[in-house]
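Let's take a friendly walk through this model, from a hairpin to salt bridges, a helix contact and a strand residue. Please keep the sequence and the 3D view open as you read.

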Amino acid sequence: MAENTLKRIKQYLDYKGIRIRAFERVVGMSNGSFASQLKNDKTIGVDKLENILHQYPDINSEWLLKGNGDMLLYDTVNEGRAFYRKTEKTQSRNIPVYDIETTAEIADLLGETNSQKPISFLNVPRISQYDGALYLLDDSMYPLLKSGDIVVYKKINNLENNIIWGEMYLIYVSSDNNEFFLIRYLRQSEREGYAQFVSHNSHYQTQEFPISSIKAIALIKASVRVNSLF
């Protein structure tokens, strides 16, 4: 049964487009442990199974544990949870959450033709005009934000006319054949045509880039901190 359950978990992850690394983090497994268990036909603990069902409430528990019925609970959505999934019969208005790692993925996510798949959906009351939410992978804005936090963003078009100086942004920069993904406050520079990229973390120095090097940008509208996975 354990082997089949692990394979069904992998089937669900593939169907939803969820990366194993993101799945392990969400359910409290160490990096690489699920892949190892799947490869070596190991068992998965009851506590982990309970947490999987807790974190991914659209999974049919009968299907997961016994292989009975459909994979997804199409007609049930738990409105009281912060995270829940969109299923084939549920049109969710919640914010798509992305877990991406590379600069190329960031460029795609913030560009006009986003092909990234969300791993989850986030319900934040009283927020409007958003494009998505993203897991942070650095501590440049610590302690205000830390790695693992989620930020809700709104992409900005017509950059020169829509920058609000002093606000916090997700920024994709291409300068001197180098590409950067930064989360920073933007401040006006004394140099014409430049902007200051200011970190909240005192260990990071303020940088300046030409405004023309900003290839994509999104305003940070909200942040969510998950202090416990259980």
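## A hairpin and its neighbour

In the hairpin formed by β6 and β7, with 5 residues between the strands, Gly193 adopts a positive phi near 80°. Before going on, a word on the basis: this is a predicted model, in which local features need pLDDT of at least 70 and side-chain atom pairs count only at pLDDT 80 or more, while totals for chains, interfaces and linings use all residues. Residues are numbered from 1 along each chain as its sequence is written, and side-chain values use heavy atoms, with hydrogens and water left out.

Helices (H or I, at least four residues) and strands (E, at least two) are DSSP runs, numbered from the N terminus. Two strands pair if DSSP finds at least two bridges between them. β6 and β7 pair in the antiparallel sense over 4 bridges, and Tyr185 has Val198 of β7 as its bridge partner. β7 also runs antiparallel to β8, joined by 4 bridges; here Gln196 stands opposite Glu208 of β8.

## Salt bridges across the chain

Glu208 brings us to the charged pairs. A salt bridge here is a side-chain nitrogen of Lys or Arg within 4 Å of a carboxyl oxygen of Asp or Glu. The whole structure holds 6 of these salt bridges. One of them joins the side chains of Arg191 and Glu208, at 3.0 Å from N to O. This pair links distant parts of the chain, 17 residues apart: Arg191 is in the loop between β6 (178-188) and β7 (194-198), and Glu208 is in strand β8 (residues 207-210). For accessibility, buried means under 20% relative accessible area, exposed over 50%, and partly exposed in between (1.4 Å probe, protein chains only). Arg191 is partly exposed at 43%, and Glu208 is partly exposed at 28%.

Asp149 and Arg225 form another salt bridge, with their closest N and O atoms 2.8 Å apart. They too link distant parts of the chain, 76 residues apart, with Asp149 in the loop between β3 (132-135) and β4 (150-155) and Arg225 in the segment after β9 (214-224). Is Asp149 buried or exposed? Asp149 is buried, with a relative accessible area of 2%, whereas Arg225 is partly exposed at 36%.

## A salt bridge within a helix

Lys10 forms a salt bridge with Asp14, the closest N and O atoms being 2.9 Å apart. These two residues are about one helical turn from each other, because they lie 4 residues apart in helix α1 (residues 2-16). Lys10 is partly exposed, with a relative accessible area of 25%, and Asp14 is partly exposed at 48%.

How do α2 and α4 lie relative to each other? Helix α2 (residues 20-27) packs with helix α4 (residues 46-55) at an angle of about 105°, their axes 9 Å apart. The two helices are therefore roughly perpendicular. Axes are lines fitted to C-alpha atoms, for helices over the stretch in contact, and angles run from 0 to 180 degrees between N-to-C directions; those under 35 degrees count as roughly parallel, over 145 as roughly antiparallel, 65 to 115 as roughly perpendicular and the rest as oblique.

Phe23, Val26 and Val27 of α2 meet Lys48, Asn51, Ile52 and Gln55 of α4 in this contact (heavy atoms within 4.5 Å).

## A buried valine

Val152 lies in strand β4 and is buried, at 0% relative accessibility. Val152 touches residues including Ile95, Leu122, Tyr130 and Leu219, not counting residues up to four places away in sequence.
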